[in-house]
Amino acid sequence: MNRSLAVAVAVSALLAGSLGAFGEDSVIKQRQKLMKGVGDANKTVGKMVKGTDPYDGDVAAAAMKKISNVPDQYVKLFPKGTSNKDDPETEASPKIWEDMKSFTEKAGKLKAASAKAADAAAQGEDAFKPAFANLTKVCKDCHESFRIEKEKKKE
Amino acid sequence: MRFRHVLWIGVVLAVAVALAFWQVTAPETISAEALPRHAPDVANGEYVYYEGGCSSCHAAPASNKCDDPKTADKKVLAGGRCLRTPFGAFYVPNISSDKQAGIGGWTDLQFVNAMMRGVSPSGQHYYPAFPYTSYQRMTYADALDLRAYLATLPAVATRAPDHDLPFPFGIRRGLGLWKLLYLDHHQFSPDPTKSAEINRGAYIVQGPGHCSECHTSRNLLGGKDESKAFAGAPNPEGRGVIPNITPNENGLGKWTQEDIAYFLETGNDPDFDSVGGAMVKVQENLALLNPEDRNAIAAYLKSLPPLPNAVSKAKVKKPEADAPKEEGEKPDPDAQTEEPKTPY
């Protein structure tokens with residue numbers, strides 16, 4: 001009994017160790033997590049703008065701040081060899097690496113537009129709506145040039 | 001003596017085949033008598049221009065890169081954009097009102113034959129990269145109104161480069177055979193069992209909107225596979241996929257009609273993820289339509305038979321997972337994986 005317990009402990013310790021070593025997210029996963037966070041925040045406020053949910057300035061401002069924190073981390077996660085050409089799991093177009101300057105500029109625009117929208121959120125729905133529309137434009141502008149559509153499939 | 005006979009028979013056969021080829025590949029056009037008299041409505045022409053998104057291809061690219069997804073000025077239709085397809089590179093022509101470089105010198109009949117029969121004023125076939133298989137569904141009124149609107153846009157004197165197509169795709173005459181298979185000369189006819197709204201949407205989607213040109217997959221000949229209509233396709237211009245827009249669970253099944261209309265208006269999907277790629281320009285043009293027409297498009301898409309995705313991730317070749325990833329070993333990062341081949 002004691003012995004098997006010891007074995008179990010040892011095995012789980014080993015497993016935990018290897019998870020520590022190998023369980024870290026790849027840059028692609030990290031990028032996707034960050035972008036998922038942006039998407040979730042965008043959905044929270046999008047539903048307010050669309051009128052599905054009631055407008056809440058504090059929630060909207062927090063969501064926009066969350067988005068504005070992403071670009072600085074995000075742009076650091078694009079080492080060579082991590083485009084859709086290398087791994088079909090990522091939607092990152094090889095064009096990012098052809099024009100990293102433009103890509104970084106667009107990330108800067110996301111930061112600025114979301115920060116501005118966070119300020120506007122406090123001033124009420126009327127001020128927020130155009131700021132949100134501008135943010136959508138920034139999203140589209142980058143996705144037009146640098147995102148590749150993956151097949152969407154329920155697993 | 002005998003050899004001579006065989007030779008003659010061979011020559012006669014070859015001539016007969018060539019004549020037959022010449023006959024069946026002859027461009028078919030709409031006659032002047034068939035074209036109704038029509039007082040053009042320029043405002044409607046502008047509307048058709050947004051339905052069709054003419055500028056998405058025909059406006060000059062924003063930079064000196066011919067495949068820049070951005071356009072310089074939506075109203076300056078100087079052409080020059082390149083479409084890199086499995087058949088070769090197409091260069092989009094100038095359709096500005098310039099009389100030499102553009103289409104300013106064309107007659108209405110020439111314009112309608114270009115749009116709806118894929119035949120140039122000099123009687124040559126156009127490549128179906130120009131989506132006349134969709135435009136043949138349009139009304140003459142819409143085509144002529146569009147023509148009148150295009151005439152109001154600025155003239156640009158630059159010519160686009162010639163297409164760069166490998167043999168045998170460089171032989172335009174051969175397109176006559178292709179047209180026998182894929183150009184039926186039918187204009188849109190409403191389905192009396194469906195609502196007026198669905199029929200209006202069907203007209204925009206099948207005709208000027210030419211949605212199936214990207215959203216329907218193609219066979220080896222480059223013809224649309226109608227059994228998989230709107231079920232998605234490989235991206236004709238390279239990587240990624242064009243999504244399934246039938247109401248299947250992997251398509252627009254979970255989207256409401258309102259969700260689709262909202263997406264076309266704002267570019268936000270139900271999860272508030274934004275539109276991307278070539279669809280951005282399409283969406284921005286459709287955002288200029290009346291809300292009723294966006295609703296009609298959505299109603300029609302919801303009325304389609306739900307189909308599974310026509311392209312599957314499984315078919316896209318995966319890169320060698322175990323390939324060494326050391327920097328020094330791959331001087332050309334592009335060489336390490338093969339481009340997934342689009343099946344057309």
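**Figure 1. Salt bridge between Lys75(B) and Glu46(B) in the predicted model.** The side chains of Lys75(B) and Glu46(B) meet in a salt bridge with an N to O distance of 3.7 Å; a salt bridge is a side-chain nitrogen of Lys or Arg within 4 Å of a carboxyl oxygen of Asp or Glu. The pair links distant parts of the chain, 29 residues apart: Lys75(B) belongs to the loop between α3 (54-58) and β1 (82-85) of chain B, and Glu46(B) to helix α2 (residues 42-52) of chain B. Helices (H or I, at least four residues) and strands (E, at least two) are DSSP runs, numbered from the N terminus. Lys75(B) is partly exposed, with a relative accessible area of 31%, and Glu46(B) is partly exposed at 26%. Buried means under 20% relative accessible area, exposed over 50%, and partly exposed in between (1.4 Å probe, protein chains only). This is a predicted model, in which local features need pLDDT of at least 70 and side-chain atom pairs count only at pLDDT 80 or more, whereas totals for chains, interfaces and linings use all residues. Residues are numbered from 1 along each chain as its sequence is written, chains are lettered from A and ligands numbered from 1 in the order in which they are written, and side-chain values use heavy atoms, with hydrogens and water left out.

**Figure 2. Salt bridge between Asp25(A) and Lys33(A).** In chain A, the side chains of Asp25(A) and Lys33(A) form a salt bridge of 2.7 Å, N to O. Asp25(A) is partly exposed, with a relative accessible area of 29%, while Lys33(A) counts as exposed at 54% relative accessibility.

Figure 3. Arg31(A) lies in helix α2 (residues 27-50) of chain A. Arg31(A) is buried yet has no salt bridge; Asp86(A), the nearest side chain of opposite charge, is 7.7 Å away. Here Lys and Arg count as positive and Asp and Glu as negative; His and the chain ends are not counted. The side chains of Arg31(A) and Thr90(A) are joined by a polar contact of 3.1 Å. A polar contact is a pair of N or O atoms within 3.5 Å; within protein, one must be able to donate a hydrogen and the other to accept it, and residues adjacent in sequence count only if both atoms are side-chain atoms. Not counting residues up to four places away in sequence, Arg31(A) touches Tyr74(A), Leu77(A), Phe78(A), Thr82(A), Thr90(A), Ala92(A) and Trp97(A), contact meaning heavy atoms within 4.5 Å.

**Figure 4. Interface of chain A and chain B.** The contact takes 35 residues from chain A and 43 residues from chain B. About 3,300 Å² is buried between the chains, of which carbon and sulfur atoms give 45%; buried area is the accessible area (1.4 Å probe) that two parts lose on being put together, summed over both. In chain A, Lys85(A), Glu144(A) and Glu151(A) lose the most area to chain B, together 23% of what that side buries.

**Figure 5. Charged pairs across the interface.** The rule finds eight salt bridges across the interface of chain A and chain B. One salt bridge joins Asp273(B) to Arg147(A), with the closest N and O atoms 3.0 Å apart. Asp273(B) is partly exposed, with a relative accessible area of 29%, whereas Arg147(A) is buried at 16%. Lys106(A), Asp141(A), Glu144(A) and Lys70(B) are linked in a network of salt bridges.
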